[in-house]
Every structure is written in C-alpha cells, then in structure tokens.
Amino acid sequence: MRHNFGAGPCILPQEVFKQASQAVLDFKDGLSILEISHRTSEFEGVVEEAGKLVKELLNVPAGYSVLFLQGGASLQFAMVPMNLLPEGKTASYLETGVWANKAIKEVATFGTANIVASSKSSNFTFVPKDYSIPEDSAYFHCTSNNTIYGTELFDFPETSVPVVCDMSSDIMSRVIDVSKFDLIYAGAQKNIGPAGLTVVIVKDEILGKSGRKIPSMLDYKVHIDGGSMYNTPPVFSIYVAMLNLRWLKSKGGVAEIERENIAKAKALYTEIDRNPLFKGTCAVEDRSRMNVCFVMENPELEKPFLKFVEENGIEGLKGHRSVGGFRASIYNALPITSVHTLVELMQIFAEKHP
C-alpha cells in the first residue's frame with residue numbers, strides 16, 4: 001500500500017476516483033463526462049450541486065456567490081486587486097510565505113501594496129501577530145495556510161476593512177466563519193478536487209467599485225452573471241469536486257473532518273517532538289494541520305531516511321526545494337492509518353540510528 005503525503009495535486013478519496021473513472025467511461029447514455037456539453041441540463045445540475053455543497057459545508061451566508069473558475073489561485077493574485085483596488089488606493093497584505101509574496105507582487109500593476117507585517121526575515125517560520133491594518137485600506141489580504149513552510153493562521157484580524165483570504169490549502173479542512181471574509185479563493189487541488197479548478201466565494205456587495213474597466217474573463221461580476229459558465233468551464237474538475245464534496249458531507253461535514261485533521265496532526269507532531277532524530281521547523285503555536293514540516297537533527301541522515309520511507313510505501317515526503325527537509329501533507333482524504341505508518345517508520349529508523 002502507498003501512503004500519499006504529497007503537497008498537491010494530492011490525495012483524494014478512493015471512492016471518488018472510482019466514481020469519476022466510471023463517469024469518464026459513461027456519464028449519461030454512453031457519453032463520457034469528458035465529452036458532455038457544459039450546456040446540457042445534466043452538467044448544469046453538476047455545477048448547481050457543487051455550488052450548493054460549498055455553501056452548505058461552509059455555511060455560506062446569503063449575499064455571497066460561489067464561482068468555479070480557471071487559472072489557479074495564481075490568477076486570483078491579479079484578479080483580486082483588479083476587481084477590488086481602485087486606482088490610487090492601497091491594499092494591505094500579510095506576508096507569510098512564497099504565495100503571499102507572489103500575491104503582493106501582482107498588486108503593483110493596479111495600485112500599492114502595504115505589507116502590514118512579515119515573517120520573511122525568519123524564513124517564514126511563524127505567523128506575525130501584532131500588526132494594525134490601516135482603515136483606509138481597500139482590503140486586507142492574507143494566506144490562511146502556508147504549504148511550503150508549514151504555518152497556518154488560526155486567528156484572523158477583527159477589522160472594518162474587507163478581508164480577502166487565499167485558502168487554497170486548508171479550505172474545507174476546518175470550520176470557518178465565512179461572514180468574516182469578503183472574498184475567499186482556493187485552488188482546488190488540496191481538499192476540493194483535482195487541479196484545473198479554482199473556487200471563489202465572494203460577497204456580492206464589494207464588487208463593481210474599482211472604477212476601472214475589467215476584461216470580461218477577469219471580472220467576477222461577469223462570472224456570477226454567467227453562472228460560472230461565461231466560457232467553457234473545467235468540466236471534469238468541477239464534476240470530481242462535486243463528488244469529493246459529497247464524500248465530505250457523507251463523513252459528517254467540515255466539523256467532523258476537522259476533528260480527524262487535528263488527531264492526524266497531533267499524532268505526527270508528537271512523534272517529531274519525541275523522537276531525538278527529528279525537529280519541527282515552525283513556531284509551535286503556528287504549526288499547520290495540513291503541511292507538517294520537519295528536518296533531522298543530523299542532516300546527513302535525511303537522504304537515508306527518505307530512501308527508507310519510500311521503500312516502505314511513503315510518497316511525497318520530501319520538502320519543498322526551497323527549504324529542504326521533509327513535508328508531510330495530511331489533507332482531508334489521507335487516513336490517520338497513513339500517519340500511524342509514517343510514525344512507526346520514524347521510530348524504526350531511530351532505533352537503527354541511535
């Protein structure tokens with residue numbers, strides 16, 4: 001058995017794979033989901049159900065729209081300021097990692113980015129806590145989970161400024177109060193579905209105030225009016241996302257998966273802290289439940305350990321190339337038994353290398 005700790009595209013439930021593979025062969029009357037017209041009533045039903053599931057699972061209040069877009073979260077780095085930042089205005093950003101930094105760079109095309117706090121000087125090993133958001137900011141942007149460095153925001157600021165959040169790697173993994181956010185975006189390839197899809201949850205009343213003309217494909221209002229089908233949508237990715245959201249609902253929803261995710265993270269962090277060969281890389285209070293980053297006290301043992309676990313069924317444990325070490329991504333579909341297997345292998349390796 002292989003245990004997939006890859007950071008993304010990542011593990012999805014086996015039952016979702018089976019259902020999706022069947023739809024590739026026969027979605028309706030012998031037609032594959034890969035060839036079905038997105039204008040059919042059957043696929044319109046898929047988009048409608050997927051949107052309803054997002055709203056139900058996250059308890060999205062009235063007055064918000066759910067969009068299924070393309071371009072990844074990286075396109076949202078530009079769409080957010082294009083739609084929300086009036087010319088001559090400033091948007092505030094919290095810099096907590098590579099993806100936050102890339103979002104900040106995109107703002108320069110449309111206005112000014114004010115970095116209210118940053119943990120860059122410490123190689124993003126913690127999440128800044130003490131900062132203020134200027135009240136004249138067009139919006140405040142943060143990244144809820146940092147996949148490369150293994151930190152996660154557990155408390156969001158109380159502010160009168162509209163809050164925008166990149167939740168690509170922890171959306172659907174924990175209960176959130178959507179009403180505290182004005183726009184949430186997330187690449188799907190962690191806890192929602194396969195790559196090729198981006199989910200956007202936007203408060204309708206914040207749109208149409210930038211004062212600039214926006215190209216149709218980059219205008220949230222155009223996609224809302226088009227029901228996420230202004231152009232041909234990522235049909236297969238939306239369909240698999242719908243299946244995965246059904247799976248999450250059947251498990252008891254986000255509150256139940258959060259309990260499982262807490263247990264998985266606790267089991268792995270406990271071993272990292274207990275085992276003398278390993279050490280965590282992040283501030284304890286900011287440790288991510290989704291991406292557990294750690295290194296070895298003796299760097300010379302890292303390659304032998306990686307070889308050992310790979311030979312015993314562990315996939316995707318190598319850390320991001322920019323930081324090294326190890327990264328165990330423990331997204332929703334990874335069972336706790338996989339975490340227990342990794343913990344056991346860490347213990348066996350330590351016994352062989354006292």
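Predicted model: local features only at pLDDT ≥ 70, side-chain atom pairs only at ≥ 80, totals over all residues.
Let me begin with a term: a residue is called buried when its relative accessible area is under 20%, exposed when that area is over 50%, and partly exposed in between, using a 1.4 Å probe and protein chains only. Residues are numbered from 1 along each chain as its sequence is written, and side-chain values use heavy atoms, leaving out hydrogens and water.

Taking the chain as a whole, buried residues account for 55% of its 354 residues. The chain has nine helices and 14 strands, which are DSSP runs numbered from the N terminus, helices being H or I of at least four residues and strands E of at least two.

Now to the rings. Twelve aromatic pairs turn up in a search of the whole structure, where rings of Phe, Tyr and Trp (its six-membered ring) pair if their centres lie within 6.5 Å, and planes under 30 degrees apart count as stacked, over 60 as edge-to-face and the rest as tilted. For Tyr93 and Tyr139, the ring centres are 5.8 Å apart and the planes stand at 65°, so this pair is edge-to-face. Tyr93 lies in strand β3 and Tyr139 in the loop between β4 and β5, 46 residues apart, and both are buried.

Phe308 and Phe349 make a tilted pair, with 5.7 Å from centre to centre and 40° between the planes. This pair links helix α8 to helix α9, and both residues are buried.
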